[in-house]
Amino acid sequence: MRKFLFASTTCLLILAVYFQRSSRAVTDTNPPVSSITLLPSSPDGLNGWYITPIDFTITGDDLESGIKSINYNLDSTGLQTKTFNDTLNLVSNPSFESPGTPLDSWDKTNDDTQAIFTQDSQAAPSLGTYSAKVDATQGSAWHGFNNKNFYVVASPYQNMTSSVWVMASNVALSAYYKIYIVYDGGDGQNAYQLEATSPVVTGTFAWQKITLNFVVNHPNALGVYIDLGLDGTGAAWFDGVSITSSITQPSTNFAVSANGNHSLEYYSIDNANNEETPHKIQTFKIDTKVPSKWTNFTLTRQGNDHTFNVSVKVTDTTSGVDVSTAEFQYSVDEGVTWGYYSNLLNCGSSFVQGWKQASSNPNSDGSTTVTLSTGAINFCNSNWTDTKMIRFRLADMAGNQGESGDFTINGAWIELEYGDVFSNSSIAMKSNSKVRYLAGSASTVANITSTANWYLTDYEPLPFMTFDDWYARYPSTTPLPNGKLPTTSGKYYVNTDFTVASNTIPSGFSTIANLSAVVYINGDLNVNKDYNVHTASALIFIVKGDITVANNVSTVDSFYITDGTFDVGASTTQLTVDGGVHADTFNLKRSLTGSQNSTKPAVIFKYRGKYPAVGKKQLSSESKILWLGDN
Amino acid sequence: MTIALAVGITISSRSISTARRTTNIDTSSRALAAAEASIEYYLARPVSEMNGLAPANCNVNPATLRYPAIATSSLSSDDVMTYSEVNITRYGCLSGGQNAKYDIRKDGVLELKLNSSSGSLDICWESPPGGPEATLYYHYIYEPNANDFRIKKEGYNPVGSGRQSENNMQYANPGNCFTRALPGTDNPRLLRIMSLYAPSTITMTAGAGTTLQYQGFTIKAAGVVAAATQPIKRNVTATRSLPYLPALFNFAVYSNSSNNPID
């Protein structure tokens, strides 16, 4: 009978404790609180700019009903919401607002005479009025307090989360917390087992949140309790204690890498639908891109034929340029030494190896596009075969430094009429080149000027079809008739190298109208002779190897596609490519004699509308397949 | 005994039912295969042949073709005859005020055959929500004199995108729209529209008095299993555009290397 009464009483007590815990957070009128951390924690560039992407973590705190959702909206692009389950805080007096001995629902862990446990008025931000302070003046042992007698009910092997806000002053060893499992010891008594220990903090620091996820790793577990404190001497404040049945901490993580000025609005809502107000706002600015688009390289003669004012345009669309960082240097000995003559107009003065200030127009920090100028520079002689080069550099307001490519004074350049140019690497012409419409690359574009002023930079690489791709889609085994260029439309295949020469160009080839032909060359293509096709005809070469144009050739008339290199040689003859070239790499080393480079391009690419109109007949067609249901 | 018979009947019913379901599945698969085979066949036919099979104009009921054409070749090894009934029509014809929609994948091209149309085309576009908006960049190819092919190019950024600071192209009109004039004296031939930065869906509206020719073929195939106890038809539809060169042909110079610049 006595045992029955004892068991009944014990059961009632357990039930009372359970319902006390379960019903603790019925009323919650306090809104949650969000906090945010950035990584990097502060701008890693100049003038408040980040020059790397930022990793954000938004954490929600609610000591009562728990976090229901964390919400954020970046640049008003749309609300993002992350929801959480089972975030009800199961801890009694989690913010230490209720006093006691030392605090309501909390007891000293040991009969500790070497530390003082008090309710303190220094509370963690937005977490009530009070915190719990442990002030230990001696001893290296644990000075802690716990909620063992008000433990949180939990099931065996349950996943739980915990968190505590901690502030410290001169903590000699460590401040942290421990999670203990409460389990049935088998004789009607509770027993305890240390389950997990939180990360530790030491020294002196402002309020920070420590978190710990754990598993209630005992088959007879009844619940868990938390023991807060420090080893050794020092003072530590604790606030906002939370233990929940959620398997994840109420936080969300994301990265922002887009360049520009940003505004991040964020707030939390708890399970009682209290919304955090006002919503928090975090502003920041990112610029990961160096000044680029070095274009409009211009030589303005100043006196004799080897003295020029050199200017170039550069752009930084995000933070803008820092005009004080604009500099230049040049070389008159084919790139062996770089610097400037102390007297720019006198090659007999001392040569300084370094960078010299360039002027900027406009001359104001933050400008997005500026023209840098050197003033008059004497390049010592007009022997342009001894390459003379110049380069510029400039930083933006965020501290990203960009550098132009090396510009060749009176060097060879190319021109694209009506055609666009794109590189899956970059465009870095040695001398200012021209394109009528669009210049683009997967990174930077330097020293090519678009008449239309259209540029694509840092653009995703465009897909390329190789020889094998084309052949798989549009095969042919038809050999070239008599081993010569075709005179009738169709697809042809050559399983060796092929040379365009006098004896492989059929008589009257350039007069054949409405010819639409594709020639596959499973080898190298060598073009040793000028040739043209009729203005209404289109000839496309698809080459497995390299394409080499002989030095003496001045006109070729086809569209060339090659897996290898398009090499125009290194002669002084101007080359006109009537059509276009798609290649893996280019070797464009032709350079005109004397001062011809200053007025004429060494290579001209003349894109023709006839290729889409006429040349497609052998290499095209795309199909869409729509599937409908049954009847 | 009675129970055994009942079980036997149940098993038999289930077997028959299973067999019937198996048969229906087999019939359905055969019909689908026949439809697909005919689609594949006509997708590979030369444009000249397709032109002969489709009615001269859009929106005209086509004749029904049978594929395979020869009856005996429709017989399978188990003497089940399957074939496909095929209708081929043209799509894309527009006259003043009419519109058509086309999808363009990112960095892909839509090529419209203008075939000397005159007037204008109003072009509007949108990109899938949640991602960036496309910028449209077109090549307008015309032939004012015989064999004299010329090009005009234009690019339009989406309204309010701020992208002009990146590529210096102009912004479109409200609604992400612009108009491409088609002067008769140009003898317009092609309009190649490239979708930069993102995929797009284009709505093309012919201006008043503008007529646009067909842009491709629609192939509708209904696979049939003859003499099936429960006749099943499986329908497949495919569209096949008129030939065009890939988007990369918009570039006069293109370098594929990711390591070596054009210099």
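Buried area is the accessible area, taken with a 1.4 Å probe, that two parts lose on being put together, summed over both. In this predicted model, the area buried between chain A and chain B is about 5,800 Å², and carbon and sulfur atoms give 56% of that area. The model being predicted, local features need pLDDT of at least 70 and side-chain atom pairs count only at pLDDT 80 or more, whereas totals for chains, interfaces and linings use all residues. Residues are numbered from 1 along each chain as its sequence is written, chains are lettered from A in the order in which they are written, and side-chain values use heavy atoms, with hydrogens and water left out.

**Residues in contact**
- With contact meaning heavy atoms within 4.5 Å, chain A brings 68 residues and chain B brings 57 residues.

**Polar and charged pairs**
- Across the interface, 30 residue pairs, both members at pLDDT 80 or more, are in polar contact, that is, a pair of N or O atoms within 3.5 Å, of which, within protein, one must be able to donate a hydrogen and the other to accept it, while residues adjacent in sequence count only if both atoms are side-chain atoms.
- Four salt bridges are counted between chain A and chain B, each a side-chain nitrogen of Lys or Arg within 4 Å of a carboxyl oxygen of Asp or Glu.
- Lys589(A) forms a salt bridge with Asp263(B), where the closest N and O atoms are 3.9 Å apart.

**Strands across the interface**
- Strand 45 of chain A and strand 16 of chain B (residues 251-255) run parallel and are joined by three bridges, strands being DSSP runs (E) of at least two residues, numbered from the N terminus, which pair if DSSP finds at least two bridges between them.
- Within strand 16 of chain B, Val253(B) is the bridge partner of Val581(A).

Conventions. Helices (H or I, at least four residues) and strands (E, at least two) are DSSP runs, numbered from the N terminus.
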